[in-house]
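The sequence and structure are shown below.

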Amino acid sequence: MTDARVKGLIIVSVTLVLLALLHLLSNTPNYKMTSALDMARDHNEGSAATKEELREGIYSAKEDQEEGEGAHSEKEGTESSWEIDGIESSWEKEGTESSWEMEGIESSWEMPSLHQIYREYDEPHYFDHWEEYAEHYEQHLRELFSKIPPGKEFKMLEIGVQSGGSVRVWRRYFSSKEFYYVGMDIDKKCKRSEVKEENIFIEIGDQSDPETLQEVCEKHGPFDFIVDDGGHRYHQIKTSLDTLFPSDVCMKHHSLYAIEDLHVMAMGHTYSDDPGDFMSLPGYIFKKMHYYWYKQNEREEGDEVWADRMESIAMYNSMIFIERGDGEGMLTRISKGRDRFRG
């Protein structure tokens, strides 16, 4: 046999072996798994591979693995299965999170954007508000709705109705809720905003009169949400707060009290006779929260109710939010260790 003929046979043999190997590799589970994983990477990188295509590739690879096609170690099979399950788990997790968002957050917080309602307001009744309020309202109302049972009637009291624009804004914002609105104003013309068919009621009265406030509570309360956008003077704000917040007739256990436009007290004597009023209001509320820290003979009568009901105080530019619920009372101290400095 000549050398040329031997070389030819070797080349043919090698070619056949390589073709056989390629055919074998193309039908092994590892090859399919790699393809599926490549598709997963492509999918994450924004390729045209769809989730369904990826699932088909994965399931095909897993079926082949279970049938034992190809020769690979148990370790390889385990690692490949773990990788594949990892992809599936990420989908299942994604699906679970989406379901949680749909059934959890959305079911308890099916609310339109208050910010958007502000901007798109187009009803006849005049609306005048600060845009930044929307974000703070949504934050605290979201917290409130996490504490109260869904499906219950939600009652709101707004002190200060004026032209009635805010009535329409709040009605639209709570459109997905069983909403009951009460507006209170000293101006009799505000009665025009009353729409009983929509559970919108307007009471005429002075917010600096505790008896009038109590009558409104007895007729319509207790309320989940109170907004003081009334006269903005210190004595009016304080009287309303002192009357409404401690009372279980006026406010539900878990509820929210908001005071707007506090900046006006810093703008001169129109809304404040004493320059100290602007700063004394937050301090007045904060002091009541700390009732249990004062000595017995220094405690104000009635402040115990505040301390037991006040969960938190939040202050923003021109706004204060007071969350009502379970006050902390005296804090629980934890002291451990022996090596301490004394001084």
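The side chains of Lys219 and Glu203 form a salt bridge, with an N to O distance of 3.0 Å. A salt bridge is defined here as a side-chain nitrogen of Lys or Arg within 4 Å of a carboxyl oxygen of Asp or Glu. The pair links distant parts of the chain, since Lys219 belongs to helix H8 (residues 210-220) and Glu203 to strand E3 (residues 200-204), 16 residues apart. Helices (H or I, at least four residues) and strands (E, at least two) are DSSP runs, numbered from the N terminus.

Buried denotes under 20% relative accessible area, exposed over 50%, and partly exposed the range in between (1.4 Å probe, protein chains only).

## Basis of the model

The model is predicted; local features need pLDDT of at least 70, side-chain atom pairs count only at pLDDT 80 or more, and totals for chains, interfaces and linings use all residues. Residues are numbered from 1 along each chain as its sequence is written, and side-chain values use heavy atoms, with hydrogens and water left out.

## Further salt bridges

Side chains of opposite charge can pair when their charged atoms come close. The structure holds 17 salt bridges in total. One of them joins the side chains of Asp248 and Arg309 at 3.3 Å, N to O. This pair also links distant parts of the chain: Asp248 is in the loop between helix H9 (234-244) and strand E5 (251-259), and Arg309 is in helix H11 (residues 303-309), 61 residues apart. Asp248 is partly exposed, with a relative accessible area of 46%.

Glu300 and Lys287 meet through their side chains in a salt bridge of 4.0 Å, N to O. Because Glu300 lies in the loop between helix H10 (277-289) and H11 while Lys287 lies in helix H10, the pair ties together parts that are 13 residues apart in sequence. Glu300 is partly exposed at 43% relative accessibility, and Lys287 is partly exposed at 35%. Elsewhere, a network of salt bridges links Glu123, Arg168, Arg171 and Glu198.

Gly221 is located in the loop between H8 and strand E4 (223-228). Gly221 counts as partly exposed, at 21% relative accessibility.

Leaving aside residues up to four places away in sequence, Gly221 touches Lys155, Val216 and Val249; contact means heavy atoms within 4.5 Å. The C-alpha atoms of Gly221 and Met156 are separated by 8.7 Å, and these residues are 65 residues apart along the chain.
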